[in-house]
Each structure stands twice: as C-alpha cells, then as structure tokens.
Amino acid sequence: ILLDWGPIQVSTASAQAVIVTAARFAVLIGLTSLLTSVTSTSALTQGVEHLLRPLRHIGLPADQLALVGSLALRFLPILGETLETIGQAQASREVRPQAGGRWRLAANARRMAALVVPLFVDAYRRAEELGLAMQARCYQGGAGRTHLNELRYGAGDGLAMGLAVVLLAAVIWLQRSGV
C-alpha cells in the first residue's frame, strides 16, 4: 500500500492499473487521430458500411449507421469552432471565472451552462438545416444506392487483418501473463 488515507487506499497494483488504462486511452486517441487524418471521411463511411453489412440480416441498417458516423465526423470541427466563438463572445462580454469561495461549484456550473446551452442550440439548428436539405434532395438512405468505387478485399487487406489478429493475441497473452 502506497497511500492509506481513510477510505482511500492506493496500492502498487491500483497505480499500475491507472497507468496502463491511461496509456491505453492515449494510444486509442492517437490511433483514432491517425486514422481520421490519413483517411477521407467518405472512405471511412464506406468502410464502416461494408464492415456492418453482414448485420443487415438481423435488421441493423448499416448504411444509416455509417451516415450517422460520417455526419458526426464532419460536425466535430464545426462544433469546435462554434464553442470557440461562444467562448470569445463571452470573454468580450466580461464573463470571467470567479475567484474561490463556497459557491465555486455553482459558478462553474453556470459558466459551463453558458457555454453548453448555446452550443446545443446551434447544433440543433444545424441538424435541422441538414435534415431539411436532405429532405429537399429526396434522400432515401441506402435503398438502391451505389458507390463510385466498390471496395475489394485484397492481399494487403488480408495481411493487415492477420497482423491485427496476431497483435491482439499478443496483447491478450501479455495481459493474462501479468507483464
């Protein structure tokens, strides 16, 4: 036990678990960032749709789920810009953080609400506009939709899949052996 402070106990095992979890999270963020920076949104959408295609047999709409993912990826930078604009607008109006005190939690909640509420209002407005635009263009979803470039499973894909399976097996083996 490294620290024993009332109900809080920190041991070497718990510290190691925290470090491993933080490292996994950092690797996940890094790999996701790498994937989204080197692959176009349309290629990601098409890939997800092809991966989910076998689940159509149980009624899962793969094309609609891929569209939702694509729209989410496209909206993230817009939401970031909107959040930055709202923050700048509030800073220009002198909405500043308050110094310490007993009501600091309530003041922080008010400040977060001042950022989050306009962000959600703007996101809802943009989603409404997108829905109307899709409706105006008679969007039908995946019914009878074709792709410009059909994906084909090749030797490189098999090699990447095999490498991923070997890497996953190695990680599982290392985790179980306690390394």
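Modeller: In this predicted model, the largest pocket has a volume of about 550 Å³, and 14 residues line that pocket, with Gly 47, Leu 51, Tyr 153, Asp 157 and Met 161 lying nearest its centre. Helix H2 (41-52) and helix H5 (155-177) are the elements that each give two or more residues to this lining.

Biologist: What is the make-up of the lining of the largest pocket by class?

Modeller: The lining has 10 nonpolar, two polar and two charged residues, and its largest share, six residues, comes from H2.

Biologist: Why is Asp 122 called buried?

Modeller: Buried means under 20% relative accessible area, and Asp 122 has 13% relative accessibility, so Asp 122 counts as buried.

Biologist: How do you know that Arg 125 forms a salt bridge with Asp 122?

Modeller: A salt bridge requires a side-chain nitrogen of Lys or Arg within 4 Å of a carboxyl oxygen of Asp or Glu; the closest N and O atoms of Arg 125 and Asp 122 are 2.5 Å apart, so the pair meets that cut-off. Both residues lie in helix H4 (residues 104-136), three residues apart, about one turn of the helix.

Terms used:
Residues are numbered from 1 along each chain as its sequence is written. This is a predicted model: local features need pLDDT of at least 70, side-chain atom pairs count only at pLDDT 80 or more; totals for chains, interfaces and linings use all residues. Side-chain values use heavy atoms; hydrogens and water are left out. On a 1 Å grid over the protein atoms alone, a cavity is a set of points where a 1.4 Å probe fits but cannot get out, and a pocket is an open set with protein on both sides within 12 Å along at least five of seven lines; lining residues have an atom within 4 Å of a point. Grid points are joined across faces, edges and corners, and a volume is the space filled by probe spheres set on the points. Helices (H or I, at least four residues) and strands (E, at least two) are DSSP runs, numbered from the N terminus. Ala, Val, Leu, Ile, Met, Phe, Trp, Tyr, Cys and Pro count as nonpolar, Asp, Glu, Lys and Arg as charged, and the others, Gly among them, as polar. Buried means under 20% relative accessible area, exposed over 50%, partly exposed in between (1.4 Å probe, protein chains only).
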